[in-house]
Amino acid sequence: MRFGRQVYEFLLSGSQAYAKWDLEVSTSILRNRKKLLILLALAVPILAGCLAEAYEYHEMLGGKTAYAPAFYTTTIFLASIAVGLAAGLITGCIGAGGGFIITPALMAVGVKGILAVGTDLFHIFAKAIMGTTVHKKLGNVSGKLAVAFLFGSIIGTFIGGFINKGLYNKDPLLSELFISTIYAVLLGFLGFYALFDFLRSSRGPKAASQDAHGGGGGLTGVSVKLQSLTVPPMITFDEDLVPGGRRISGWIVACGGVVVGLLAAIMGVGGGFVTFPMFVYIFGVSSMTTVGTDILQIIFTAGFAAVGQYAIYGYVFYTLAVGMLLGSLLGIQIGALTTKVVKGIHIRGFYAISIIAGFINRVTTLPKKLVEMEVLHWSPSVVGIIEDVGNVVFWVVVAFFGLWVFSKFFLNLGKLRGEA
């Protein structure tokens, strides 16, 4: 139980750090006219194509229509905006968790798993390139840590991409089953722990509020042990904060990078939700240095995985990525503003419910996949109903959350303007 709690806090802190980065880059894009013009230049041809249904029966790059819609429609583009909007609202309002629902949401609207992963990675990469102001953070970046970590993360993206592509080439259904199972396990773990926290907090004032961006002030037992291992090459960091700095083996940092790259390539989440807690709680790096290094990690890991492992094989749906980017830019700003006029306990409750809804959506697809693979011998109509129930639950929760956030936003618009 204690170990599970530690893992939950580890993942939650990383998810919150990633949400903070997402809000920062989204705000940077919206405040920069040149970046907005670039985004509109990408979106206008797509919108024009939607109006004319210009891409009907146009095969996707790669030619394997088993994993993607065989033609592009208005519905697909609007669905991508809705997915981005929902993820943005959750990220901005809750401060965590929005990135976890993008791949499951894309799969829920009919996009096959490997394409959903590749598209999500490309969307993260595009947002990072357009929105991250790296020069403001470079003073806090340890070049040696970044190089060692990226060395490992690139290897990890190769492994993750090899697994996903290998499973898909063997059997597209096996790929779907694998990705859905990974998300079901992760979302189930996070969702039910978050629900337990919410119920415990709602019973009384002992609700523990934890700072996700702490950890820089001291070292954990794990980080002390790892820093005591002298396996050359040794990397020195945090010289400005600690006399003489701290030291850790480059091989340990590279192994951490392998894990992040592997998760990024398999799940399509950029790896950012693991990097922050890994650096702070496992490597013992200060929060200031971690933030700058994480920015570089997201750009290069997401970019290498998106382009090197998915795009060149035809597993990126670019029009979906643009739609998701448009939706998330709007959603995350509205969500962040809404936090000023809603109670924290309500936000925690919605976080738990939204993550559990994602879990239900993925776990209810598994019986159908197992029947199609002839592993289970249930009635096709029964597994179809189970899958439909999971989809309905997911979208009802997402829609209700979206309506709740928008209602709070517009009803308190005058107050929010006054604060601005």
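# Aromatic pairs, a helix crossing and a cavity

Phe 279 and Phe 283 are both buried, where buried means under 20% relative accessible area, exposed means over 50% and partly exposed covers what lies in between, computed with a 1.4 Å probe on protein chains only. The structure is a predicted model, in which local features need pLDDT of at least 70 and side-chain atom pairs count only at pLDDT 80 or more, while totals for chains, interfaces and linings use all residues. Residues are numbered from 1 along each chain as its sequence is written, and side-chain values use heavy atoms, with hydrogens and water left out.

## Aromatic pairs

The structure holds 14 aromatic pairs; rings of Phe, Tyr and Trp (for Trp, the six-membered ring) pair if their centres lie within 6.5 Å, and planes under 30 degrees apart count as stacked, those over 60 as edge-to-face and the rest as tilted. One of these pairs joins Phe 149 and Phe 279, and because the ring centres are 5.0 Å apart with the planes at 65 degrees, the pair is edge-to-face. This pair links distant parts of the chain, since Phe 149 belongs to helix H6 (residues 143–170) and Phe 279 to helix H10 (residues 272–283), 130 residues apart. Helices (DSSP runs of H or I, at least four residues) and strands (runs of E, at least two) are numbered from the N terminus.

Phe 279 also forms an edge-to-face pair with Phe 283, at 5.4 Å from centre to centre and with 70 degrees between the planes. Because Phe 279 and Phe 283 are 4 residues apart in helix H10, about one helical turn separates them. Elsewhere, ring pairs link Phe 350, Phe 400, Phe 401 and Trp 404 into a cluster.

## The cavity

There is 1 cavity of 30 Å³ or more in the structure, a cavity being a set of points on a 1 Å grid over the protein atoms alone where a 1.4 Å probe fits but cannot get out, with lining residues having an atom within 4 Å of a point.

By class, the lining of the largest cavity has 10 nonpolar, 9 polar and 3 charged residues.

## Individual residues

Ala 126 is found in helix H5, and its C-alpha atom is separated by 8.3 Å from that of Leu 325, 199 residues apart along the chain. Val 280 has its place in helix H10, and the C-alpha atoms of Val 280 and Thr 290, 10 residues apart along the chain, are separated by 7.0 Å.

The peptide bond from Pro 232 to Pro 233 is cis, with omega near 0 degrees, and Pro 233 is found in the loop between helix H8 (221–228) and strand S1 (234–237). Asp 238 has a positive phi of about 55 degrees although it is not a glycine, and Asp 238 is found in the loop between S1 and strand S2 (246–249). Glu 374, which is not a glycine either, has a positive phi of about 65 degrees, and its place is in the loop between helix H14 (366–372) and helix H15 (380–411).

The table gives the accessibility of several residues named above.

| Residue | Relative accessible area | State |
|---|---|---|
| Phe 149 | 1% | buried |
| Phe 279 | 1% | buried |
| Val 280 | 1% | buried |
| Asp 238 | 6% | buried |
| Ala 126 | 22% | partly exposed |
| Glu 374 | 64% | exposed |

Definitions and conventions: 1 Å grid on protein atoms, 1.4 Å probe; cavity = no way out; pocket = protein on both sides within 12 Å on 5 of 7 lines; lining within 4 Å. Points joined across faces, edges and corners; volume = space filled by probe spheres on them. Nonpolar A, V, L, I, M, F, W, Y, C, P; charged D, E, K, R; others polar.
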